[in-house]
Amino acid sequence: MELTADYLRKCETLAAAVSQAKARGQRIGLRKSTSNLFRPRSQAGKYLVDVRDFNRVLAIDPQRMTADVEGMITYETLVDETLRYGLLPAVVPQLKTITVGGAVSGLGIESSSFKFGLVHETVEEMEILLGDGRLVTCSCRENPDLFFGFPNSYGTLGYALRLTIRLIPAKPYVRVTHTGFTDPDSCFARIAERCAESALDYLDGTIFSAQEMYLTEGEFVQNAASISDYTYMDIYYKSIQRKSEDWLTAKDYIWRWDTDWFWCSKHFHVQRPGIRRLFKWALNSRTYQRIMRLSHSLLPDSGGTESVIQDVDIPIVSAPEFFDFLMSEIGITPVWMCPFKTRDSGRGWDLSPLQPSQLYVNFGFWDVIPTTHEKGHFNRKIERKTIELGGAKGLYSTAWYDETEFWNIYDKPRYTQLKQTYDPQDVFPDLYSKCVRRH
Ligand SMILES: Cc1cc2nc3c(=O)[nH]c(=O)nc-3n(C[C@H](O)[C@H](O)[C@H](O)COP(=O)(O)OP(=O)(O)OC[C@H]3O[C@@H](n4cnc5c(N)ncnc54)[C@H](O)[C@@H]3O)c2cc1C
């Protein structure tokens, strides 16, 4: 595709600034307007690459069903644009402020991932800004080492400034059905069965307790019997226990978890009707993130609790065992379940520890646990159990691995090779030191 003059001009400015920073021997960090990181982000002494302007759709091709986008476009903006064409990105992470570049540089998923895989598996091409100011295009044909090495690199090889991603046709509404289960075995058996079903468009689940869990199936429909609205007084996650069938607009389905940050908005008391009524404008992940960041900087950790914010991917065969562990030893509820199936890229994704063509269940749990144990007690337990069950966890939050353990999970020789080729002077930190900080 032909790139716009605006995009090329912005790239030129950025590339020049980055190569000057490199000449000064400065390390590089990102300046963004939003973030969904839950681990400390140290920017001290770094030259901050201002990418806030890389937030646009460059082109949508309804025939090929692709979108060419700038790397820091939020999914909120992107979904608004694609829906004008009756299309949606094949995989849309559940929070409005997640950006396409951020989702690829982590391992983004959502409730269509049982069908389309992870976010990076829906990418056709990327343009990466390297630490010396060079721009490199990569795809499975052009610079394939960078294309297959970039997912899960968390900005330690370069920054994705432009991506071409696949779209799917949407319909105006999504009909959802919530099916309750009282035991995990039948719930996971049903997941395996439904993931083989191509007629289904979306599938995720919610665990309320060891004896109460639901699977939510979503299907695009042209018409709706009635339309629910979970953007204000009604709370989506509570509706799951109340209703067996429901209809949302396609857009509201995509953002159903954003209004209450799944259920984490409870920490801001906005699930109380009296307070909620006054704060319609605040009911979104952008506001919660801002408040959280501010409260962390104003209120230092007072001890007595451990923050457990994790997304853990477990092969479906071991999901019942992880479920039991989670309920008996961690005790956080609700828990989000998102089945996803990796695809076989033919050569693997270098920094992804996930096996190809395998069905996983992502367990997302985000809360604080009162504790008298040493720091990191619960997070370490989760990491050990995940390793034991052949799973992996997202690196967007705190990690406690020691270096040997970490590089047993992630492919050190491949990573070293990628670093030598694309960041030989270590302008960016290395993956272990970036994602695993001593707490
Ligand atoms: C409550 C909660 C729910 C979540 N739900 C989901 C979910 O449903 N689906 C899902 O996929 N994820 C989910 N996440 C995780 C989220 O996708 C990751 O945190 C993701 O990396 C955030 O992307 P971001 O765009 O906000 O990037 P940031 O938070 O700004 O950055 C994340 C990391 O990526 C790097 N990075 C950012 N942009 C780029 C770029 N363009 N090129 C290279 N590196 C870059 C940054 O340097 C940083 O290391 C959830 C997290 C939480 C806390």
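**Cavity and ligand site**

Mentor: Tyr 230, Thr 231, Leu 248, Asp 252, Trp 255, Arg 256 and Thr 259 line the largest cavity; lining residues have an atom within 4 Å of a point, on a 1 Å grid over the protein atoms alone, where a 1.4 Å probe fits but cannot get out. The model is predicted, with local features needing pLDDT of at least 70 and side-chain atom pairs pLDDT 80 or more, while totals for chains, interfaces and linings use all residues. Residues are numbered from 1 along each chain as its sequence is written, and side-chain values use heavy atoms, without hydrogens and water.

Trainee: How much space lies in the largest cavity?

Mentor: About 30 Å³, a volume being the space filled by probe spheres set on the points.

Trainee: Ok, the ligand. Which residues come nearest?

Mentor: Lys 32, Asn 36, Gln 94, Thr 99 and Ile 109, out of 31 residues around the ligand; near means a heavy atom within 4 Å.

Trainee: Which side chains have a polar atom by a ligand oxygen?

Mentor: Ser 105 has one at 3.1 Å from a ligand oxygen, and Lys 434 has one at 3.0 Å. Polar contacts here are pairs of N or O atoms within 3.5 Å.

Trainee: What does Gln 94 use?

Mentor: A backbone N or O atom, 3.3 Å from a ligand oxygen.

Trainee: How much of the ligand's accessible area does the protein cover?

Mentor: 97% of the 950 Å² that the ligand has on its own, by the Shrake-Rupley method with a 1.4 Å probe.

Technical notes
Polar contact = N/O pair within 3.5 Å; in protein donor to acceptor, adjacent residues only side chain to side chain. 1 Å grid on protein atoms, 1.4 Å probe; cavity = no way out; pocket = protein on both sides within 12 Å on 5 of 7 lines; lining within 4 Å.
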